Amino acid sequence: MSAALFEYLLRLGDNTLVLGHRVSEWCGVAPALEEDIALANTALDFIGQTQMWLAYAAEVEDKGRDADALAFRRDVWDFRSLLLVEQTNGDFGKTLMRQFLFDAFNVLNLTALVGSADVRIAEIAAKSVKEAQYHLERSRETVIALGDGTQESNRRMQKALDVLWPFAGEMFVVDAVDTEMQKAGIGPDLAALRGEWVAIIQPVLTSAMLTLPESDFAHKGGKTGVRHSEHLGHMLATMQFLPRAYPDAQW
Amino acid sequence: MSDLKKEWPLWEVFIRGQHGMSHRHVGSLHASDEEMAILNARDVYTRRNEGVSIWVVEAKHIGASSPDQKGPLYEPSNSKVYRHPTFFDIPDDVGAM
């Protein structure tokens, strides 16, 4: 049980850690000051959520590691993040499309986790879900504005959707860990969330004049750690450099 | 400033703090429409828990007095001390007025 719970908490924490770092890469270079600070806020929300998930994961593991050790001293194959969140930022439109696809899932997942049988998970979810709802409101508005904007912005958003779509399906893939969590009343049935997720994204993409790709082919291997994309290792090299080069540095 | 027409319009932002005070002007920002202006105001001006309510108004809709008019507008009231309610003692527990 505790091995599966540890694995499950790593998935939650690694998603927010990897996406939080990705979003933070926009700090200082976003297309407008207002978007820059909004993305930085979002990144900080995710890192805050990461601290809670990974701190709990470290307690469950009970091997003397803490949240920082889990974040900065694991290599690619030990990460349990979805393939979607490690995809590169690309242009602003791709970043916001990735954000929107994840935010819609995150709100549904966290809303379910508020009722988790694990009190600690329920508390973290209750705190995080309000942030996630705001992220979704923001990414939804931006996806519509850019999709239903100029010919060029529409073209870029459709391209972003087409590129990211095959990575979205992994969010709803159920494996043994998910099944064990669901049976224990700790986590939701991910497969059942897919219908609600489509109900959120479909009308938004329609308003944004975008077409949902027909194929439901989904790349897998991120949340199991079996096959991350080549992007995650490069990201970790940047993210983990300082604590690896200067172990236990304080400031 | 390549092409001004491509810039988002300017919005003035008013935030109401948590102490039952009125909305106060806190600054301005750019946004494509009213909804985004409120979201941007939330991100730019309420990061440190400054507010419970946000108003935004497009800057072009604000009428402003001209600095040239400051003589006729303000100077006549300089010499009218009898308009100040200095004859009343305000009890401390009234609080901010």
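## A salt bridge between the chains

The side chains of A:Arg138 and B:Asp43 form a salt bridge, with N to O at 2.9 Å (a side-chain nitrogen of Lys or Arg within 4 Å of a carboxyl oxygen of Asp or Glu). The count between chain A and chain B is one salt bridge.

The model is predicted, so local features need pLDDT of at least 70 and side-chain atom pairs pLDDT 80 or more, while totals for chains, interfaces and linings use all residues. Residues are numbered from 1 along each chain as its sequence is written, chains are lettered from A in the order in which they are written, and side-chain values use heavy atoms, without hydrogens and water.

## The interface

Twelve residues of chain A are in contact with eleven of chain B (contact means heavy atoms within 4.5 Å). Between them the two chains bury about 1,200 Å², 58% of it on carbon and sulfur atoms; buried area is the accessible area (1.4 Å probe) that two parts lose on being put together, summed over both. A:Glu34, A:Asn41 and A:Tyr134 supply 46% of the area that chain A buries against chain B, more than any other three residues.

Within chain A, the axes of helix H7 (residues 151–168) and helix H9 (residues 190–207) come within 14 Å and cross at roughly 175 degrees. Axes are lines fitted to C-alpha atoms, for helices over the stretch in contact, and angles run from 0 to 180 degrees between N-to-C directions. H7(A) and H9(A) are therefore roughly antiparallel (an angle over 145 degrees). Helices are DSSP runs (H or I, at least four residues), numbered from the N terminus.

Terms used:
Helix = DSSP H or I, 4+ residues; strand = E, 2+ residues; numbered from the N terminus. Parallel < 35°, antiparallel > 145°, perpendicular 65-115°, else oblique.
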